[in-house]
Amino acid sequence: MVSKHDKAKPLTKSLLACFSAASSAMEFLALLSTLVFLHALLVLLWNLLDRWRHSGCYLLDYVCLKPTDDRQLPTDLCGEIIARNDCLGLSEYKFLLKVIVGSGLGEATYGPRNIIEGREASPSLADSISEMEESFNPVLDEVFRRAGPDIPPSAVDILVVNVSMFSPAPSLAARIINRYRLREDILVYNLSGMGCSASLISIDLIRNMFKAHKKMIALMVTSESIAPNWYNGNRRSMMLGNCLFRSGGCAALLTNDPGLGQRRGKMQLSRLVRTHLGRSNDAHTCACQKEDDEGRHGFHLSRELPTAAAQAFFENLRELAPRILPMAEICRYLFASIWKKKSSAKQDPFSSSVDMKTGVDHFCLHTGGKAVIEGVGRSLGLDEKALEPSRMTLHRFGNTSASSVWYVLGYMEAKKKLRRGHRVLMLTFGSGFKCNSCLWVVLRDMEDPGAWEHCIKAYPPETLANPFMEKYGWINDPNAELLVQSVKESITSRCCCLSCFHLPPPIAYAAAPVP
Amino acid sequence: MRGVSDAGRLARNILIPAAIAAAAYLLLSSVLINQTLLLLLSTSAAACCGAAFLLSRPRPVYLVDYACLRPLQTCRVPFATYMEHARMCEFFDEKSVEFQMRILERSGLGEETCLPPANHYLPPQKTMEGGRWEAEMVVFSVVDEVLARTKMEAKNVDAVVVNCSLFAPTPSMVDMVVNRYKMRSNVRAYNLSGMGCSAGIIAVDLARQLLQVHSNWYVLVISTEILTPNYYAGRSRSMLLPNCLFRMGAAASLLSNRSSTVVPPKYRLLHVVRTHCGAHDPSFLCVTQAEDPAGQIGISLSKDLMSVAGDALRSNITTIGPLVLPASEQLRFLFALLARRAISSSWPPYLPDFRKAFDHFCIHAGGRAVIDELQRSLRLKPGDVEASRMTLHRFGNTSSSSLWYELSYIEAKGRMKKGDRVWMIGFGSGFKCNSAVWRCVRDVGFPGDGPWAECVHRYPVHVPEIVSFA
């Protein structure tokens with residue numbers, strides 16, 4: 001007879017067998033699901049990491065234009081050009097000379113050929129195009145020569161060109177594509193009318209393209225057209241442009257390829273902030289191209305410009321500062337602001353203005369003019385040393401519009417100031433009214449003198465004062481009108497132009513500064 | 001190398017789906033076996049895979065709505081007005097007038113095309129102030145309309161892109177828009193210039209790039225051509241063509257990558273393909289701004305224009321074909337290509353039938369010859385190019401905005417249905433050929449207003465080869 005115990009044994013055995021099979025299946029499933037989860041997590045993390053790696057913007061190289069010396073515009077030549085303008089009276093002449101002498105521009109800034117050759121009143125399309133070709137070709141040739149066989153022109157994926165005041169058809173970008181035989185599928189954008197801050201707008205555009213694509217090479221070309229934009233009238237607000245704008249240009253190669261960027265990149269873009277104050281009518285019209293009452297084209301700079309610039313700057317700084325300053329400085333500033341509000345004492349022990357030098361080592365300020373540099377320097381609490389690169393650029397190259405910040409960067413590099421880890425702030429202003437800023441981090445010690453090669457040793461000079469300061473003191477002479485008339489007659493009759501400006505000044509005015 | 005990297009494509013197409021399938025299997029088994037740990041792990045795995053998949057996908061770009069300018073009747077330039085004006089301009093001689101008359105007779109333009117008021121003056125006023133005035137009139141009209149249609153407030157616009165080829169004042173037209181509509185201080189504004197009649201698609205491409213990077217954005221794209229400062233007042237024949245063909249027009253469109261907008265979007269942007277033939281000298285030189293012997297600036301069109309356009313189109317098709325053509329057409333094309341290479345070079349090349357890929361075609365209304373050439377090259381039927389021909393007839397060559405007028409025509413005729421695919425092709429100086437492919441995502445009835453509201457019932461019209469008005 002089979003006992004109950006004997007009957008239970010096979011049942012237990014089978015139950016145990018099922019249980020062990022089930023538990024091993026469980027273990028297998030648990031292992032499998034863990035593996036799948038880890039795999040999925042790794043894929044997600046790798047995706048995020050890949051995106052982050054390729055979202056960087058590296059500056060591989062940049063080249064600023066150094067025009068040929070036959071295009072220099074010293075003060076006496078400027079005076080001669082002004083004197084050619086028949087509709088200028090003594091008051092305008094005085095005004096212009098004062099502006100030129102007090103502008104902070106030196107004797108070696110550059111202008112377009114048609115103006116130097118006496119054709120400023122009737123520029124042709126060929127003049128404008130040749131000015132652009134003279135700006136682009138040398139810098140692009142040099143940038144590609146330095147890039148070497150690794151980055152031939154056919155490797156360029158994105159081309160952004162910005163020239164504010166000249167836009168022919170086909171575009172200047174198409175002209176570059178034609179000359180350098182760039183690829184058919186290139187992503188090309190030709191920006192125009194965007195003012196002196198267009199350089200950073202181009203960088204912003206390239207940065208956005210980099211985030212949308214991987215392993216791209218971008219070429220940015222910036223310059224300004226002066227040849228067709230010389231003002232031949234007598235409205236003071238429109239003559240200022242003639243005194244300040246000078247020829248210049250820059251080409252820069254950028255990439256978002258992390259390997260290439262780390263190997264060959266000079267700087268990496270950390271932050272970029274754009275501010276547009278177009279909603280304010282005064283700001284919008286304070287710097288604009290227009291015609292005067294006689295229909296002559298020129299660039300009008302109004303009295304509201306400093307206010308607009310200050311407001312745009314403030315709004316830009318408000319967004320930029322928290323992103324680039326160290327936490328300690330942000331806390332200190334907040335504390336100081338609260339203390340200032342609560343404390344009734346007139347003297348506050350803490351400075352309630354933000355100290356940008358805690359987050360920035362070098363400042364590339366747009367060389368819009370002496371007033372712009374000084375105004376920004378005061379707002380940011382910068383000393384002479386911090387403003388030196390911008391002042392020297394204004395002196396050596398003038399206001400080259402959108403490419404000015406690259407010349408300032410070139411000065412710092414030529415002076416061997418840019419070391420690995422340093423942070424460089426570029427700050428630009430432009431018509432519209434815009435204020436754009438960006439922060440670069442230097443990746444390697446930068447020592448290329450570039451456009452400053454031939455003159456960096458002479459900077460900073462002992463004085464930035466215009467050498468014609470004394471010479472033009474006679475402009476306050478009551479009999480100056482007769483003098484001006486005789487000077488103009490001698491120029492129009494084409495007899496020795498330069499010697500007319502070497503008339504000995506009346507003794508009473510020899511030491512009088514030009515107001 | 002552009003686009004998603006090879007590794008990214010591998011992840012998206014193989015690894016992620018495999019992981020999702022495995023996670024789904026585990027999810028099912030864990031539900032059946034009722035194991036909490038398994039459930040947790042498998043749902044987490046599925047979530048990670050889903051996130052990775054969504055991240056690697058490009059963001060969808062939608063066209064919420066668009067608006068085209070309907071110029072004032074007072075700007076109308078019937079042939080008689082144009083010829084009378086030409087005869088009274090002292091800078092035209094008899095031969096130039098005769099030449100313009102012959103161009104107009106064969107142009108395919110109708111009697112209702114418009115020129116800006118400054119061009120009606122004797123002599124035409126070519127001032128910058130006049131250009132700004134025209135820009136304000138055309139741009140503000142279309143932007144007002146598009147904001148009204150999309151029920152958008154200007155302060156919610158995140159980026160603005162304006163393209164205008166031949167007029168770029170400082171501050172630019174985009175700054176003018178920001179000023180007029182009091183947009184935010186962090187609006188991204190871009191002003192494209194000098195990029196020709198295909199710049200509208202370039203502007204859309206720029207908007208698309210921005211929408212890939214930023215989420216929940218609205219981008220306003222404005223395409224126009226300002227004619228006031230560009231009237232050619234000379235006698236060179238190659239430069240008189242633009243006077244005869246270019247007419248006033250503008251279009252504004254609102255693009256977004258939001259999943260839900262106040263007004264449901266009309267179209268989804270599927271592809272943009274850009275081809276730039278500037279490296280090839282004849283292409284670069286076929287449309288150039290130049291000075292004539294008298295010093296007058298005008299746009300010169302070379303005789304090679306059609307062949308250059310054909311080459312640019314072929315190049316563009318080579319890229320866009322594989323993206324849009326059905327497999328059957330691609331196989332036939334491949335077979336013909338291999339046969340030409342392997343068997344005989346006289347084997348006829350196979351031109352794919354793009355009518356199998358697209359329901360509607362918007363071909364830049366550059367001129368009658370351009371539309372004829374494309375109809376022949378792409379083997380299209382007259383009905384396929386009707387929108388282009390009728391736009392040329394009613395509005396003339398409005399440069400970069402012409403594609404939008406053509407799209408509006410198709411909608412006004414009630415032919416646009418949900419799911420239809422539209423191919424926009426633009427040509428421009430440089431020489432460029434740019435294509436955009438849209439898919440209609442909702443039924444689009446006749447909007448009731450728009451540039452064709454008052455005249456679509458008269459269309460299509462037969463446009464004779466020559467309209468004689470000697």
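Predicted model: local features only at pLDDT ≥ 70, side-chain atom pairs only at ≥ 80, totals over all residues.
Over residues 53-341, chain A is 45% helix and 18% strand, with the end C-alpha atoms 44 Å apart. For residues 55-341 of chain B, the content is 42% helix and 18% strand, and the end C-alpha atoms are separated by 42 Å.

Within chain B, helix α8 (residues 237-245) is largely enclosed by the rest of the structure, because 7 of its 9 residues are buried. The buried positions of α8(B) are Met239(B), Leu240(B), Leu241(B), Pro242(B), Asn243(B), Cys244(B) and Leu245(B). These buried residues pack against helices α3 (79-88) and α4 (94-106) and against strands β7 (287-291) and β8 (297-301) of chain B.

The cavity search returned 9 cavities of 30 Å³ or more. The largest cavity has a volume of about 160 Å³. Its lining comprises 15 residues, with Leu227(B), Asn230(B), Pro242(B), Asn243(B) and Phe246(B) nearest the centre. Two or more lining residues come from each of α8 and β8 of chain B, and α8(B) gives the most, with 3 residues. By class, this lining has 10 nonpolar, 4 polar and 1 charged residues.

The second largest cavity has a volume of about 120 Å³. It is lined by 15 residues, of which Ile82(A), Leu96(A), Trp230(A), Tyr231(A) and Asn242(A) lie nearest its centre. Helices α2 (75-83), α3 (90-101) and α8 (236-244) of chain A each give two or more residues to this lining, which divides into 10 nonpolar, 3 polar and 2 charged residues.

Note on methods: Residues numbered from 1 in each chain as written. Chains lettered and ligands numbered in written order. Heavy atoms only, no water. Helix = DSSP H or I, 4+ residues; strand = E, 2+ residues; numbered from the N terminus. Buried < 20%, exposed > 50% of the residue type's maximum accessible area, 1.4 Å probe, protein only. Contact = heavy atoms within 4.5 Å. 1 Å grid on protein atoms, 1.4 Å probe; cavity = no way out; pocket = protein on both sides within 12 Å on 5 of 7 lines; lining within 4 Å. Points joined across faces, edges and corners; volume = space filled by probe spheres on them. Nonpolar A, V, L, I, M, F, W, Y, C, P; charged D, E, K, R; others polar.
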